Amino acid sequence: MDDEGLVRLGGRLERSPLSYDCRHPIILGKGSHLAALLIRRSHEEVKHFGVNTVLCNLRQRYWPIRGREQVKKILSSCVLCKEWRGNPGVQFMADLPASRVDFPNQPFTLTGVDYFGPITIKAGFRGGRRENRYGVVFTCLQTRVVHLEVAQSLSTDDFLKVFSRFVARGPISLEKREKYAKLSTDPFISEVIVSELEIETLLKTLDSNKATGPGEIPARLLKVTASIIAPSLCKLFNKSLRFGTVPEEWKLANVVPVFKKGEKDHCENYRPISLLSIVSKQLERCVFMNIMCHLSQIICKCQHGFLRGKSCVTNLLEAIDYIGRILDNGGQVDTIYLDMSKTFDRINHTKLITKLRNYGFGGNLLKWFQSYLSDRCQCVTVLGCISNTLPVSSGVPQGSILGPALFLLYVNDLRDSVKTSEVAMIADDTKLFSSVKFYLPKKHTIDCNQRCNPIAIDVEDKPETSNRSDVLNNLKENAIDKPTVSPNQSENPPNQRRNPIDVAILGDSMIKLINPSKLRKSLKRNVMVKTFPGANVGDMQHYAKPTVEKNPKSVILHVGTDDLKHSTPKEIAVSISSLGKRIEENSPETKMVISEIISRFDDSSLMPKIENLNARLKQVCDNNNLGIHNT
């Protein structure tokens with residue numbers, strides 16, 4: 001305290017050149033009005049700076065007790081600081097106008113197109129030269145959706161290929177597909193044009209160890225001379241596609257028999273692999289690359305064979321996921337495995353061309369496919385010996401580029417012929433699987449064991465149209481006679497079990513020592529014991545429901561021990577009797593018996609309550625016509 005009676009702060013700065021007020025500042029009490037006025041004045045002197053600046057300026061003469069806390073409190077009530085620290089207002093966006101959200105047409109009905117680039121890339125593998133590519137932007141003028149494609153050059157031919165890919169990837173409604181399938185007047189793909197660069201790239205990526213085939217031109221020679229012969233092959237390929245004709249020399253195949261299984265003396269145990277001309281396979285690859293986008297829109301999702309990104313693994317995952325969900329819910333799944341023998345060799349060319357037309361192929365391209373499939377010949381090559389040439393009237397060549405794609409299109413409508421079951425396919429290997437249900441319509445001419453199985457209906461029913469699923473007709477002759485039926489599933493209702501429950505004992509942890517096996521042997525009856533530790537009367541209403549739904553002949557209910565800790569014996573007895581009456585009402589065929597509460601010797605304080613509860617239970621059960629079981 002100084003001479004004026006002011007309380008000042010001590011310290012060790014007496015020898016400092018600072019002023020006396022600075023060495024010994026005046027102490028300000030916490031929460032005093034004077035301290036608040038001084039802090040507010042200091043805050044205005046430092047131009048509304050923060051807490052540290054105000055506190056530093058104030059301590060030049062005054063030392064407020066718990067000064068940081070007091071300064072924060074004063075600054076939080078400063079109006080100017082609140083204005084400067086305030087968050088800017090959030091702009092609420094208005095609803096979009098009708099022209100932005102109401103589209104009378106599908107996206108890309110009105111489309112703009114533009115190029116950007118060039119973009120330098122490295123063509124081929126190691127040592128490849130650098131080439132330019134151009135990006136093509138297709139913009140929907142309504143939704144502003146953008147679709148990107150890559151063009152090899154600025155030529156008209158490359159733009160037409162880019163445009164055909166864009167159209168093939170675009171959304172095509174089911175109505176348009178059905179309308180096209182009926183009229184077939186506006187095909188989606190009618191022409192394919194290949195470029196020199198495309199052919200040169202394919203030739204440079206050839207495997208030098210490939211078999212030559214009937215053309216006897218080695219792959220190594222084509223690979224080395226790719227840049228020289230690419231222009232000539234380009235003209236030859238485009239002329240073949242433009243006139244819809246395949247040269248006869250490219251339709252000849254050398255068949256190499258590959259052993260599959262069985263006895264080696266039988267010809268049917270060999271798979272015919274066709275060795276085709278390498279040049280003709282490059283033409284097939286060019287066609288396949290141009291129609292690949294269109295095929296991805298057509299092939300059904302259940303097909304996992306010969307498709308990029310799909311395999312046996314994806315097929316199994318899809319089937320196991322479906323079967324697992326059914327089994328988790330306590331259901332049953334029946335499965336039929338179908339295998340079409342020699343399907344590649346039995347494809348009908350006329351039906352295949354019809355399906356190609358229905359799937360959007362037309363013009364010169366469809367004519368080219370007709371020429372590709374017709375008048376084909378083959379000869380067998382074994383140990384350097386060649387047989388006579390024989391015509392091929394059906395099937396697609398195994399070992400070709402287009403063979404797998406044509407086969408997928410041929411069997412693609414198999415999914416449409418299956419009405420109720422799920423389908424998973426890997427080329428010609430097909431799985432039909434479905435959940436077994438009860439009470440299907442009896443109009444189907446199958447026996448009672450099959451009536452509950454949807455797969456039986458799919459096997460029995462005939463396709464609606466003659467041109468759909470002739471593959472399924474061939475399968476039905478070798479299908480199963482009777483699909484499997486679960487022992488618990490028959491014409492009887494689900495609640496009628498083969499071994500009905502005679503006695504069901506439900507209760508809390510006090511009945512956990514009951515051995516159901518010994519009860520079955522001694523009583524010679526089917527006894528079920530369900531224990532729910534810690535369950536009270538309210539919980540038992542839900543716990544008992546699954547067991548009661550199985551329609552047991554008698555139910556013995558023991559519950560109420562845990563309720564004694566927070567309820568009176570009278571309230572518990574009324575709740576138990578109400579639960580018993582409710583169970584009898586929901587299951588009239590079940591006889592309800594209430595068990596007396598088993599005495600607990602671990603807690604002596606509950607013994608009087610248990611005796612009182614048992615007496616009330618007997619009285620309430622007699623009034624409600626419920627059975628009582630003495631413990």
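This is a predicted model: local features need pLDDT of at least 70, side-chain atom pairs count only at pLDDT 80 or more; totals for chains, interfaces and linings use all residues.
Local features need pLDDT of at least 70, side-chain atom pairs count only at pLDDT 80 or more, and totals for chains, interfaces and linings use all residues. Residues are numbered from 1 along each chain as its sequence is written, and side-chain values use heavy atoms, with hydrogens and water left out.

Q: Is I119 buried, partly exposed or exposed?
A: I119 lies in strand β3; strands are DSSP runs of E of at least two residues, helices runs of H or I of at least four, both numbered from the N terminus. Buried means under 20% relative accessible area, exposed over 50%, and partly exposed in between (1.4 Å probe, protein chains only). Because its relative accessibility is 40%, I119 counts as partly exposed.

Q: Which elements do the buried residues of α15 pack against?
A: Helix α15 spans residues 363-373, and its buried residues are L365, L366, W368, F369, S371, Y372 and L373. Contact means heavy atoms within 4.5 Å. The buried residues of α15 pack against α11 (226-243), α12 (278-298), α14 (349-358), β9 (376-382) and α16 (402-410).

Q: How many disulfides does a search of the whole structure find?
A: A disulfide is a pair of cysteine sulfur atoms within 2.5 Å. C140 counts as buried because its relative accessibility is 0%, and C293 counts as buried at 9%. The search of the whole structure gives a disulfide count of zero.
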